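Hi everyone, thanks for coming. Please have a look at the structure on the screen, and I'll walk you through it.

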Amino acid sequence: YRNLVIAATCAVVLATLVLQGSTLPTLIRWLRVRPDAWETREHEYAVATSATEALRTIADECKARDVPAAVRDRLLAGQLARVQPDATTHASGEVDEHHRNLHIEHALRLCSVAAERSAIARLRQAGSIGEGTFRRLERELDLQDQLLEAMPIEKDLDEIAKADQPA
């Protein structure tokens, strides 16, 4: 019965792979299954939560440090653009003429990245987001940190504040 077993095995393999495999895309369309729908919603929730925390931190730091409105607006627009990438709230891209504003902006960006990092850590601990979403957001924040560290900053904020004070 060797030939019968081989023929039966081939028939089962063909029926399961070819028949079911060819009807699977039709079944997925019919059921309207969306790949990664849950993870997409989870990612959007985490980005919105962490960006909200970053916006709150930027606002608090701007008040505490008496930050120029141009720097504050650019930072807020950058965070809003993360949440609403299609909106017209993108930063203007102009280079700051004043060296002081660049340092303040750098410090505030560091604060906002730290705030986002703690927000997504809280979301992960609470079980609101999964490991994949957490890792993806953490990777984005790591890249932002690396970019900020690579910026050539010659003076720190205290030295700038001392330089701005009248003699």
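Let's begin with glutamate 131, which forms a salt bridge with arginine 124; their closest N and O atoms are 2.9 Å apart. By salt bridge I mean a side-chain nitrogen of Lys or Arg within 4 Å of a carboxyl oxygen of Asp or Glu. Bear in mind that this is a predicted model, where local features need pLDDT of at least 70 and side-chain atom pairs count only at pLDDT 80 or more, while totals for chains, interfaces and linings use all residues. Residues are numbered from 1 along each chain as its sequence is written, and side-chain values use heavy atoms, with hydrogens and water left out.

Are these two partners buried or exposed, or in between? Glutamate 131 is partly exposed at 34% relative accessibility, and arginine 124 is partly exposed too, at 29%. Here buried means under 20% relative accessible area, exposed means over 50%, and partly exposed is what lies in between, using a 1.4 Å probe and protein chains only.

Now move along to glutamate 138, which makes a salt bridge with arginine 135, with 2.8 Å between the closest N and O atoms. Both sit in helix α5, three residues apart, so about one helical turn separates them. Helices are DSSP runs of H or I with at least four residues, strands are runs of E with at least two, and the numbering starts from the N terminus. Glutamate 138 has a relative accessible area of 21%, and arginine 135 has 41%; glutamate 138 is partly exposed, and so is arginine 135. Through shared partners, salt bridges join Arg124, Glu131, Arg135 and Glu138 into one network.

How many salt bridges are there by this rule? The count is eight. One of them pairs the side chains of arginine 117 and aspartate 142, at 3.0 Å from N to O. Arginine 117 is in helix α4 and aspartate 142 in helix α5, so this pair ties together parts that are 25 residues apart in sequence. Arginine 117 is partly exposed at 23% relative accessibility, and aspartate 142 is partly exposed at 33%. As a reminder, side chains of opposite charge can pair when their charged atoms come close.

Aspartate 145 lies in helix α5, and at 18% relative accessibility it counts as buried. Setting aside residues up to four places away in sequence, aspartate 145 touches Leu110, Val113 and Arg117. Contact here means heavy atoms within 4.5 Å.

Val113 takes us to the inside. The largest nonpolar core has 10 residues: Ala46, Val47, Val113, Ile120, Leu123, Ile129, Phe134, Leu137, Leu141 and Leu148. Such a core is a set of buried Ala, Val, Leu, Ile, Met, Phe, Trp, Tyr and Cys residues joined through side-chain atoms within 4.5 Å. Which elements give two or more residues to this core? They are α2 (37-65), α4 (99-126) and α5 (131-150). The largest share, four residues, comes from α5. Take leucine 137: leaving aside neighbours within four places in sequence, leucine 137 is in contact with His43, Ala46, Val47 and Ile120. Apart from this core there is another, of seven residues, including Cys62, Val67, Val71 and Ile104.

Leu24, Leu27, Ile28, Trp30, Leu31 and Val33 form a nonpolar surface patch, together about 610 Å² of accessible area. Patches take residues with over 30% relative accessible area and no salt bridge, joining like charges within 9 Å and nonpolar side chains (Val, Leu, Ile, Met, Phe, Trp, Tyr) within 5 Å. Areas come from the Shrake-Rupley method with a 1.4 Å probe, and for residues only the protein chains shown count as cover. Leucine 27, in helix α1 (residues 2-31), is partly exposed at 42%.

Most residues other than glycine have a negative phi. Aspartate 66 sits in the loop between α2 and α3 (69-83), exposed at 62% relative accessibility.

Finally, the overall view. The protein chain has six helices and zero strands. Of its 167 residues, 25% are buried. Its accessible surface comes to about 11700 Å², with 58% belonging to carbon and sulfur atoms.
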